[in-house]
Amino acid sequence: MAEAARAWLHSLDADQREAATGPAPAPGEAEGERTRWYYTPTDHGGLTFHQQRPAQHRLAMRLVAGGLSEAGYVTVATVLGLENVLDHVEGFSVNWGRERTRDPGMYYLRVFGEPGGPRPWGWRFGGHHVSLNNLVVGGRVVATTPCFLGADPAASPLLGGSTLRPLGTAEDTARELVRSLRPEAAARAILLPRAPNDVVAGNSARVGDRVIRRGELWRPGTHTPDRAEQPSTGLDGDERRALALTPAPKGVPGAELDQAQRELLRVLLGAYLDRVPDGVSPLPRYDDPAALDAVHLAWAGPTAPGEPHYYRLQGPRLLIEWTNVHRGANHAHAVWRDPETDFGGDVLAAHHAAHHPNGS
């Protein structure tokens with residue numbers, strides 16, 4: 001990753017580098033930009049594809065690939081291409097006051113710090129339905145979250161009667177799991193009869209119970225949707241409290257699942273944690289039965305295919321959220337987070353305390 005990042009930065013001119021780089025990761029207020037992330041089609045911060053020559057664009061994608069498994073990279077590349085499909089779905093007619101609204105060139109890459117140097121460094125890649133965040137400390141990848149992927153449309157027709165579903169396993173496996181629960185367990189797993197409009201944690205820098213407003217999903221000064229002050233989930237009052245994130249996970253724990261259900265749970269975890277390469281992914285952690293025991297499944301909305309729905313997996317150092325609500329339940333959001341160390345904050349603080357005790 002460091003070599004790929006250096007090659008990309010070396011290819012840029014001075015103006016491009018100004019947009020493409022940010023300060024080295026360090027605890028404190030300077031982290032404000034690195035820990036600001038989005039998944040809407042807004043300014044994610046960095047150098048866009050449009051601002052690069054084709055050879056530079058290729059080098060950028062090489063860096064992106066370095067932070068992903070092969071399947072993860074193919075999925076990300078597919079999500080980028082879906083901007084063209086979405087434009088077609090909307091009749092090439094949506095206009096938010098910029099030259100192109102659904103735009104596969106509006107993806108941003110920014111490198112923070114000096115790749116491969118002695119100090120921590122990282123990079124962020126994002127645009128509509130993609131947010132990848134990586135931190136490297138001591139030559140080791142220590143954080144890959146928040147990691148967001150979405151798909152709009154979630155399902156698209158292909159020739160020969162096939163269907164393109166980049167996130168289909170994450171949807172189908174979760175539905176199979178919740179529908180397999182005994183009635184008593186299902187009653188505890190299904191927290192609400194209707195689904196929220198979006199993931200509960202939104203694009204918060206730190207996972208918590210704070211209500212995320214619709215306007216916060218967009219960088220200030222860019223297009224802001226109507227009803228900007230409404231909760232992004234569309235829930236309030238008792239409904240919001242029923243679905244709110246709490247330190248003690250809601251839903252049904254893996255400890256109460258039978259062997260077949262536990263296998264489904266592990267497959268579902270893999271649909272998120274295998275986005276990143278072997279050796280970086282925490283999926284092997286769940287080979288330990290006790291770790292799988294602690295993962296809780298919660299659901300909101302109907303469980304029938306084609307209906308708007310939400311689910312989450314929550315446990316120690318784990319929060320996975322999924323929604324497929326809009327466009328007739330054909331618009332999916334799927335995010336993986338580590339509530340304890342998103343953006344690598346704890347590792348970064350420990351490194352800084354050990355190597356820079358005077359704040360130098």
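# Cores, salt bridges, a helix and a strand

The largest nonpolar core of this predicted model has 65 residues, and Phe 125, Tyr 272 and Tyr 311 have the most contacts inside it. A nonpolar core is a set of buried Ala, Val, Leu, Ile, Met, Phe, Trp, Tyr and Cys residues joined through side-chain atoms within 4.5 Å. Buried means under 20% relative accessible area, exposed means over 50%, and partly exposed lies in between (1.4 Å probe, protein chains only). Because the model is predicted, local features need pLDDT of at least 70 and side-chain atom pairs count only at pLDDT 80 or more, while totals for chains, interfaces and linings use all residues. Residues are numbered from 1 along each chain as its sequence is written, and side-chain values use heavy atoms, with hydrogens and water left out.

- Helices (H or I, at least four residues) and strands (E, at least two) are DSSP runs, numbered from the N terminus.
- Tyr 311 touches Ala 170, Ala 174, Leu 268, Tyr 272, Leu 297, Ala 298, Trp 299, Ile 320, Glu 321 and Trp 322, leaving aside residues up to four places away in sequence. Contact here means heavy atoms within 4.5 Å.
- A second, separate core has 11 residues, including Leu 192, Leu 245, Tyr 310 and Val 325.
- In soluble globular proteins, nonpolar side chains tend to be buried together.

**Salt bridges**

- There are 24 salt bridges in the structure. Each is a side-chain nitrogen of Lys or Arg within 4 Å of a carboxyl oxygen of Asp or Glu.
- Arg 110 pairs with Glu 33 in a salt bridge, with the closest N and O atoms 3.3 Å apart. Arg 110 is in strand 3 (residues 108-112) and Glu 33 is in the loop between strand 1 (21-22) and strand 2 (47-48), so this pair ties together parts that are 77 residues apart in sequence.
- Both partners are buried: Arg 110 has a relative accessible area of 14%, and Glu 33 has 18%.
- Arg 175 and Asp 172 form a salt bridge at 4.0 Å, N to O. Both lie in helix 5 (residues 168-179), three residues apart, about one turn of the helix.
- Arg 175 is buried at 7% relative accessible area, whereas Asp 172 is partly exposed at 35%.
- Arg 337 and Asp 342 meet in a salt bridge at 2.7 Å, N to O, and both residues are buried.
- Salt bridges that share partners join Glu 33, Arg 36, Asp 43, Arg 110, Arg 124 and Arg 219 into one network.

**Helix 4**

- Helix 4 (residues 70-89) has 20 residues and should span 28 Å at 1.5 Å a residue, which agrees with the 28 Å between its end C-alpha atoms. The expected span is 1.5 Å times one less than the number of residues.
- Helix 4 bends by about 30 degrees at Glu 83. The bend is the angle between axes fitted to the seven residues ending at a residue and the seven starting there.
- Buried residues of helix 4 include Gly 72, Thr 75, Val 76 and Val 79.

**Strand 7**

- Five of the five residues of strand 7 (residues 147-151) are buried, so the strand is largely enclosed by the rest of the structure.
- Cys 147, Leu 149 and Ala 151 point one way from strand 7, and Phe 148 and Gly 150 point the other way.
- Strand 7 runs antiparallel to strand 5 (residues 130-137), joined by two bridges, and to strand 15 (residues 332-337), joined by five. Two strands pair if DSSP finds at least two bridges between them.
- Phe 148 is the bridge partner of Ser 131, and Ala 332 in strand 15 is the bridge partner of Ala 151.
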